[in-house]
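Subject: Handover of a structure

Dear colleague,

Please find the structure below, followed by an account of what was found in it.

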Amino acid sequence: MQDSRPTPANAWKFVWEDHPSVRWGTFLRMDFRAMLQGDILNAPVTPRGADDESWHLTRRRIGLDATVWRHVDFHVERELETDVEPWREVWGNFRPLEALQVRGGRFKLPMGLDQHTDTEHLDFVYRSRAGAVLAPGRDRGVMLHGEVFDRRLFYEIGVFDHDGHHAHTTVPERVMADRTVAGRIRVRPLAGFGAGLADLEGAVSFTTAEVEEGQPAIGGRTALGLPFFSTNIWVNGRQRRTGVEARWRPGPFGAQAEYIRLTTERLGESVEDTDLAPYLVTAWYVSGTWLLTGESKSGLLVPRRPVHRGGVGAVEIGIRYESFAFGTTAHDETPSLSPRASVIVGNRDRLLTLGVTWAPVRWLRVQFNGVRERLDDPAQGPNPDAPTFWSRVFRLQFAL
Amino acid sequence: MTRRRVLIALLAAAGSVLVAPSLARAQTADDFFDVGTLQEVRIFINSRDYALLRARYQENTFYPADMLWRNMRVRNVGIRSRGTGSRNPTKLGLKIEFDRYTSKQKFLGLASLVLDNLWQDPGMIRDRTAMAMFARMGQIVPREAFCRLYINNVYEGVYAVVEPIDTTFIARTFNETTGYLFEYNWVNVFYGGYLGAAYKPYKAMFDAKGHSGEGDAKIYGPLIDMFKEVNHEVDAVWRERVEGYLDLNQFVTHVAIESFTAEWDGLAGYAGMNNFYLYRHANTNRHRFLPWDKDYSFLQIDSSAFLRVDENVIFRQAMTFPDLRALYLDVLEQCARSAQEENWLLREVQRMATLITNAVHQDPRKPTTNARFDEEIAWLQEFARLRPGLVLEEIARARSGDNVPATVPRGIASILWRTYDRPNPPIRR
């Protein structure tokens, strides 16, 4: 390791590239981040009530990325004006080698392609249900990770307090997993094959943990966050997630798909205190995007011809189809709403999202999405008389 | 050897073909409510839920369970604690809803079932006997039978399985699905007076079943009008107007049967009206009464056939009409003679006692002793022997214009009033 401490010649310096940045030679680098984002919804029912088309600020976030001595990274991210888990991510990473790194703090468990995509890089206004609900999200833990074989294989394995903030709950009857082990392996098998193929990536992941007796915290919610499946069933035992994901971004095109399966045992939960078939939640999606203005999909979305230089900015269209289903692994009797039924009356939301994204300049994005949802059992959903409903959302996002 | 085995196998197969139809015969509600059978009903409930059900017996929270009767297992039913005076944590009164968690699930055509803990009747057969009397007089009553109840394979005692009076019952008995059914909840002493035009006091007493999407005017309007018309001074149009809202003949018959069975907590109860449902037929404004919970019947052998009946406004007004008064006496007489006919009432008491005595003696949760139960059965037999004669004597006096209660035969006065050492009627203020 070389001594990277600054000399007088390369001391403090302010740089503005992708983000405003302060550097002290190569010894210290601090990138400052900020995000302001607001939405307008138009839907039959919204979390704020029907016919609410007012403007709502949904993100007011600041953050800091720092690197010290080339081998230690820090990341801090805070949501402003919220009392609910305002410190979104706080972690440090020590990387003596690229192949062997240790991260500790609060950060995302290694599962979910969509979940691990930063908000300012999402193809659509809302994350997929797999990414937004079923992937664990953030929690406190420590993780060993690294990249080997010339960045062809990436591994992550960690231990966390719980199974992520998506399962956090304040309802006493709801339970989230205890200490969770999570791991993920990503491969880029064609990393050396040129730009078109090098980006092809696939991954598998898992989480495993014990869940105390109670009702699971992860329930069904529509794209707008409205419940369509209440998990008033009893679980007890081991909870497992398995995930498979793939992504390819040749030129201006992007395609990705993901599947996550969550099972939670129901040990001793039948009416005769015997075991029941596990609670099962599955979610998957496939999506495709096309940057009409020709920018490369891999990497940051920087308009070739931004508006302030007389261009039209970057314009992308996208489509995503997904499924989000709840039930049990058994199918051997009449489904029931009983919290102790072997086969529960589940529900499934099938979503089609059509989106347009316009980035007039590097730091500004305007998105418009139409989301068509269809519930197998609308009686459990927000609008019992309508199995199919459309939601429209307009988003304005400023991100440094 | 092989041939012999084949022969045995063929014989066994033939035998099973002959026997199987009777074993496999579909069970019916008539089988379940067969009064000649002590049924065995088993409930399976998660031990955690069972502990909560017992601990929170005063709540109406449903818990998931399975119910097993014979070879019929009904999965994923809802079960909760029930009862008012009978509700207790020792011997749970229970209600089962078969469609609570599984849409449209039924058990032998029933959407729900009451498991009556028989807590307030040390003889345990009063309700069943009184309902048999109502049925014998042509009244519509819920079906019921006795059972040994097991919860998680532990014997919980003798219960009565009772068909609830609900929309399913109405559909079965009246073949109607759009009528209005009200469960009477005792709130205060109510003798059938007019409480004004506001819905609130009536809604507190008369719990409408179904029709949740309809307004109060449609549900309660005719009921309030009924009490308004009843409470008018009897004049030339009273009968016609009241008949538009109430089947007076049925009402008088109902009161007469309760009088014969010495019911202390019925339409002419010690604390006003109680223990009934009111049903308004579809597309009419006309109501009728349905009997419910007769645990306080057969309390006094020499109870007057006219005891407290004048307190009830409806009955008092109705008795000013000679034909209704004659009907009242006729029904009383029919009850008495029917009870005497081949000792029907006595045999009914004996038959039911024989059916359940062993099970009651083994009942670990009953509130009384075995000796107390045996004593009560003996007393009910005495009631069955003496009551018809006393009532017939009183009817004869009434028809001759003398309303003095019947004379008590010497030597039995000490057993005429059966309230000692048993749960007294709930005190209502």
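L115(B) stands opposite V161(B), a residue of β7(B). Strands here, like helices, are DSSP runs numbered from the N terminus (helices: H or I, at least four residues; strands: E, at least two). This is a predicted model, in which local features need pLDDT of at least 70 and side-chain atom pairs count only at pLDDT 80 or more, while totals for chains, interfaces and linings use all residues. Residues are numbered from 1 along each chain as its sequence is written, and chains are lettered from A and ligands numbered from 1 in the order in which they are written.

Strand β5 of chain B (residues 112–116) runs antiparallel to β7(B) and is joined to it by three bridges; two strands pair if DSSP finds at least two bridges between them. On β6 of chain B (residues 144–151), the pairing with β7(B) is also antiparallel and extends over eight bridges. R148(B) has V158(B) in β7(B) as its bridge partner. Two residues separate the strands of the β6(B)–β7(B) hairpin, where N152(B) takes a positive phi near 50 degrees.

Strand β7(B), residues 154–162, is mostly covered, with seven of its nine residues buried. A residue is buried if 20 or more other C-beta atoms, placed from the backbone, lie within 10 Å of its own, exposed if 12 or fewer, and partly exposed in between.

**Helix α13 of chain B**

Helix α13(B) comprises 30 residues, 370–399, and spans 43 Å from its first C-alpha to its last, close to the 44 Å expected at 1.5 Å a residue. That expected span is 1.5 Å times one less than the number of residues. A kink of about 35 degrees lies at L386(B), shortly before the proline P388(B); the bend is the angle between axes fitted to the seven residues ending at a position and the seven starting there.

The buried residues of α13(B) include F373(B), L380(B), F383(B), R387(B) and P388(B). Among the elements covering the buried residues of this helix are α9 (248–260), α11 (322–340) and α12 (344–362) of chain B. Just after the helix, G401(B) takes a positive phi of about 95 degrees.

**A loop residue**

A271(B) lies in the loop between α9 and β10 (276–280) of chain B. This residue counts as partly exposed because it has 18 C-beta neighbours inside 10 Å.

**The side of chain B that touches chain A**

In all, 11 residues of chain B are in contact with 13 residues of chain A, contact meaning that the C-beta atoms, placed from the backbone, lie within 7 Å. On chain B, β2 (63–69) and β3 (72–81) each supply at least two residues of this side, and the largest share, three residues, comes from β2(B).

**Chain B as a whole, and confidence**

Chain B contains 13 helices and 11 strands, and 41% of its 429 residues count as buried. Its average pLDDT, the predictor's confidence in each residue from 0 to 100, is 89, and 88% of the residues score at least 70. For the complex, the predictor gives an ipTM of 0.82 and a pTM of 0.84.

Two stretches of chain B call for caution. Over residues 15–23, pLDDT stays under 50 and the model has zero contacts beyond four places in sequence. Over residues 406–429, pLDDT likewise stays under 50, with 29 such contacts in the model. Where pLDDT is low, the predicted coordinates should not be read in detail.

Yours sincerely
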